[in-house]
Amino acid sequence: MFLQNGLAALGLGLIVPIACKKDTAGTTSGTSTTTGSSSSSDSCTLTDTETAGPYPTKTPSSYVRSNIVDGQSGVPLTIKITICNTNNSCAALANALVDIWHCTAVGYYSEYTDTPGGRYGTVDYTSSHFLRGRQTTDSSGLVIFTSIFPGWYSGRAPHIHVHVYNSSGTSLLVTQIAFPTDVCNTVYTTASDYKAHGTQDTANTADSVFSDSLDTELSSVTGNITDGYVLTHTVYVSA
Amino acid sequence: MSKGIIRLLYRKIIDASAVKAWEKCAFNDSYTEFLMQAQLYNKEKKYTTFSEILANVPGAEKLHFLVSASVTGYIKQFNGFIPDIINTAGKTFLPFKQCRLEIIQSDITNAAKHRIAINIITEPLLWLDTIGNMLLISTETGKAGTQEEVLTEIITSQSQLNIHSFKQTENLWYHNQTEKYF
C-alpha cells in the first residue's frame, strides 16, 4: 500500500516570522530570531506553531442551513414551522431539531440509488442535498427555511416531509405538511417552472397520507407567484 | 498521444481507528447522523445494526445518501482535490466533483462498529502511459488528440485507488489530423 501523508507533505509547518514590533517604525531588527516563547516586553510574540493539518475545522452537517434552495428553480417559498409540546400544555418547544425535505418543481427528490457499486449521481456533491435542511427551534419553537414551492409526483398530494428530534437527536415525530389546493392550482397552472407538469393528480382528500389526518397536517399558505409564498404550520410533538 | 481518458476512484475508509483531525470529525459526525436518520427506518429500535436495518426495512438503502450530508463540509475543505494522494511536490492534485458515502457497517448501540467509506471519483484524466506500477497522467484532457505539450503527473498504483472508467482516445489524434487535412 502506498498511502502518503498529505498533511505533512504540504510543508505547512513552517511559519515565517513577520516584523511587527511595537512602536519601532523605522528601526531595523532583521536579525531577530525570536521564537514562540519570547518574553521580551517591547516586542510582540510569535504566534505558536500548531499542527499543519489543512482540514481540522469542525463542520456541521450540510443540512444545517436556512436556505435549502441549492440552485433549484421555482416560486420562492418561506417555510415557518412552529413546534409545540403536548406534554407541556402545548407550549413552544425550544432547541428541537427540525429536518425538512421536499421535491423539486417537477417532482424529484435529491436522492439517488446509492447501493455500493451503483452509479454516481450527476449532481456535484456540494449541492447534492438540495431541498433538504435542518434548523433548531428558537425560544418560540420556530424554525424558518427559505425554499421553493414543491412540485408533485404521481400518486401523492403536494407535501413537505418533517422529522422533529429533541436537542440530543432522539426522534420525536415524523410527519408531513399538506398544501391548500387552491394555492397549488395557481402555482401549478401559471408558474413557469411548474406549468408543463400541470396540476397534481392526487387531491389531499384522496391522498394515502393526508386523507385521514388533514386537520392536523394542512398548512396555511399566503402570497403570490411574483413575490413568493409564506407557509406557516404548527407541529405538535410529545417531548 | 494518450491511451485514453480515465477516471480514478479513491476509496477512503474511516472507522474508529481514525487518526487525522478531519477523519475523526467525519467519523463522529457520520455516526451521529446515522443515529438520527436510522430512526426513520427503525422507529421501534427493533434492529441494532445497519445490515439488519438494510435487510429488513424497505428504502433503508437511502441511509447511505442521508448520512452523507454529515461529511460534505469536510470534503469541501479539500478544495476539489482528492486527499492523501500527493504528487512529488507534496501537493494533492487529482481534481474531483463527485463523491459518495457508503456505510460499510454501523450499530446504534456501539460507535466502535461504525465504519464508512468515502468514494471519491476524479474528473476525467488523460492516461498517457504506464511505467512499472505507475501511471503517467495529465489533467489537461482538453488537449487529448492534439500534439500540444501537456503537463503530467505520476501516480503509483495503490490498493485504494482504482481506475473507475475508461474511454479510448487512441484514434482521436488521427481523427483530428484527418479533419485538419481533408
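Helix α1(B) is largely enclosed by the rest of the structure, because 14 of its 18 residues are buried (20 or more other C-beta atoms within 10 Å of a residue's own, with C-beta atoms placed from the backbone). Helices here are DSSP runs of H or I with at least four residues, strands are runs of E with at least two, and both are numbered from the N terminus. The model is predicted: local features need pLDDT of at least 70, side-chain atom pairs count only at pLDDT 80 or more, and totals for chains, interfaces and linings use all residues. Residues are numbered from 1 along each chain as its sequence is written, while chains are lettered from A and ligands numbered from 1 in the order in which they are written.

The largest nonpolar core has 85 residues, and α1(B) gives the most to this core, with nine residues. Such a core is a set of buried Ala, Val, Leu, Ile, Met, Phe, Trp, Tyr and Cys residues joined through C-beta atoms within 7 Å. Among the residues with the most contacts inside it are A:V98 and B:I118.

Now to chain A, where an open sheet of four strands runs in the order β4-β3-β6-β7 with antiparallel pairing. Strands pair if DSSP finds at least two bridges between them. Both β4 and β7 of chain A stand at the edges with a single partner strand each, so one side of each is left without a neighbour in the sheet.

| Strand of chain A | Residues |
|---|---|
| β3 | residues 97–101 |
| β4 | residues 132–136 |
| β7 | residues 171–178 |

β3(A) and β4(A) share five bridges; A:L97 has A:T136 as its bridge partner.

Notes
A residue is buried if 20 or more other C-beta atoms lie within 10 Å of its own, exposed if 12 or fewer, and partly exposed in between; C-beta atoms are placed from the backbone.
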